[in-house]
Each structure stands twice: as C-alpha cells, then as structure tokens.
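Hi,

Here is the structure I promised to pass on. Have a look at it first, and then read my notes below.

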Amino acid sequence: MRTVLVLGATGGVGGAVTRAMLARGWRVTALARDPARSAKAWGLSDAPDWRSGDAMNRAEVVGAAEGASVIVHAVNPAGYRGWDRLVLPMLDNTLAAARAAGARVVLPGTIYNYDPATASTIDETTPQRPRGRKGAIRVEMERRLAEAAPEVRSLIVRAGDFFGPGAGQSWFAQALAKRPLTRIVNPGTPGVGHAFAFLPDLAEVIARLIELPSDRLLPCERLQFPGHDLSEMGEMVAAIRRASGRPDLPERRFPWGVMRALAPFGGFPHEVMEVRPFWTHPVRLDERRLTELLGDGPCTSLDAAVAAALRP
C-alpha cells in the first residue's frame, strides 16, 4: 500500500491530512508519544497506525518512516513549549528519515515568513523578510528544505490562519469563537482583510498534491493556498453569528493595548504582538502555481466552514 508518515497527527493540520489520506486509501503511520491515548481520542472512524515515538528522537522517526514515500511534518513541541529550541531539531530528524526512506517531506507553511507591511501579495518568489522570531525560524526551516533538495524532495503549502475541526490552537478557536460562545473577540482592524484556511479544504489540497506524479513538482515546491481571503473581518463576525444562530452575539475588540503594555514581560502578550502586523496589513496568497497543478481546488463556503468549526 502507499504509505505516508504523519508527524503531528494529533494536531489540527496533521489530523486533517491524516483523515484525507485515509479517505484516499493510503496507509497512514502516525507517530505519537502516547499511542493509546491518541487512538482513544481519535475515536472509531478509520484510524492511522499509531506508533510510539517522539519527533525529537531521530531513531524513532527514522524507524517510523520505513516504507513511507511521504512524510508530513506537521508537528510542534508539546504545548508549544520550547518552540524556538525544538522546532529545527525536529525538522532535521524528519530530513534524516526522508533520506533513509527516499521520501518527500510535506510542510504546512505560514505567512509569518514575510513582512506584511511590504509583502501584500505572496507567491513562490516573494522575498522572505520576517519581522518576528518565529517567522525567522520558519524561514530557516524552509531554507533547510531547499538546501536538502534534490536529494530530499519537499513540498511546502502555505496558508493563512487555520480554522475548522481540530484547530484548537488558532485565533478562531481562542478568540473569535472561544467556547463557551458568549461573545466574538475580533483581533482585526476595521477595513483590513485577512486570510483564513479551512482545514479540511487545505488537507484535501495537500492530499491531491501528494498524489501528483513526482515530475510535476519541483524538487522544493512552494505553493500558496488562498483559502477564504476575506476583504474585511466583519465577514467572519457575520458568519459566526449566522452559524451560531445568534445574530445578537456581542462583538468585542481584542485587547491589543493591554498586550502591548505587557509584551516586554514575555509570555503570551509578547507572542501575539509579534503577529500584530498581520492584523493591520492584508496579505494575499497568490494561487496561480497551485491552480496550474490542480485546477480549481476545494472551497467550502464560509458559512458551511464556520458551522463545522463551531460544532462540539
């Protein structure tokens, strides 16, 4: 059987890609620190082959990748703790596993590699000049993938802010529609657009790209998934009200002023202030190369996507 190893199958993107690949008849191996717990949380639907291991352990990643033609690198440190120290070693382990197995690496990309004040449109040629620390690490991740090619082929699919089933670590789940849903906390700037990616649509695109003949893709292919490119955050607010059946659901502004005052002390305020420019400058993802490869991709309507994201 065609086999893919997913690192991060318990997360939003990794879980969505796992479901998409299983639906297409692939054998999916999923590395997890606690396979029994992961299998229980997954439920009774088609499930991957859970393997015990840690993305920080090179031997365990290499062993799990045996027989795989693709490795989906959608893993993050537990609780995002030590992100700046652990992310690059994790990727290096994936690259070692890909070399041993002869597999392609697939990386969900972000827009944080760019300065939104100067890069209003992103395509595969746009210079990556990040403003924040996390963006700089993301740039280094992509540099290492490019450096490993063509020995290790790779595919980067860049998207905006994730939302949908399983996207618990997201602006949508933690601010816009935090449960219990008593209000909408809007981090946007009036009149400024924002890009969102509905996870099932993104996962379907990644699955279709994985199944393309190898010679259709560049050794290190970088693609942009436009998702729901909203012209104004009021569109998302209205969609949440419609999907929840609560047209009077109150809207509050995200407390950016408080975050700015607390940012020098580190922690969550410092992290969110790094991405503040992406809520004050619109960024458009240019999908021309993606359309050239796949044609028209999946695009769940905003109302249907928001409704799915709000389900328990």
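This is a predicted model: local features need pLDDT of at least 70, side-chain atom pairs count only at pLDDT 80 or more; totals for chains, interfaces and linings use all residues.

**What I found**

Strand β7 (residues 154-158) and β11 run parallel and are joined by five bridges.

Now zoom out. Seven strands make an open sheet, in the order β3-β2-β1-β4-β5-β7-β11, with parallel pairing. The edge strands, β3 (49-52) and β11, each pair on one side only. From one strand to the next, the twist averages 20°.

Is β11 enclosed or open, then? Five of its five residues (220-224) are buried, so β11 is largely enclosed by the rest of the structure. Both of its faces are covered: C220, R222 and Q224 are buried on one side, E221 and L223 on the other.

Next, the helices. Helix α1 (residues 12-23) and helix α7 (residues 199-210) have axes that come within 8 Å and cross at roughly 55°. That angle is why α1 counts as oblique to α7. The crossing of α1 past α7 is right-handed. In α1, the residues that meet α7 are G12, V13, A16, V17, A20 and M21, and their counterparts in α7 are L199, A203, E204, I206, A207 and I210. This contact has ten nonpolar residues, one polar and one charged.

Cheers

Conventions. Residues are numbered from 1 along each chain as its sequence is written. Side-chain values use heavy atoms; hydrogens and water are left out. Axes are lines fitted to C-alpha atoms, for helices over the stretch in contact, and angles run from 0 to 180 degrees between N-to-C directions. Helices (H or I, at least four residues) and strands (E, at least two) are DSSP runs, numbered from the N terminus. Angles under 35 degrees count as roughly parallel, over 145 as roughly antiparallel, 65 to 115 as roughly perpendicular and the rest as oblique. A crossing is left-handed if the near helix is turned anticlockwise from the far one by less than a right angle, and right-handed if clockwise. Contact means heavy atoms within 4.5 Å. Ala, Val, Leu, Ile, Met, Phe, Trp, Tyr, Cys and Pro count as nonpolar, Asp, Glu, Lys and Arg as charged, and the others, Gly among them, as polar. Buried means under 20% relative accessible area, exposed over 50%, partly exposed in between (1.4 Å probe, protein chains only). Two strands pair if DSSP finds at least two bridges between them.
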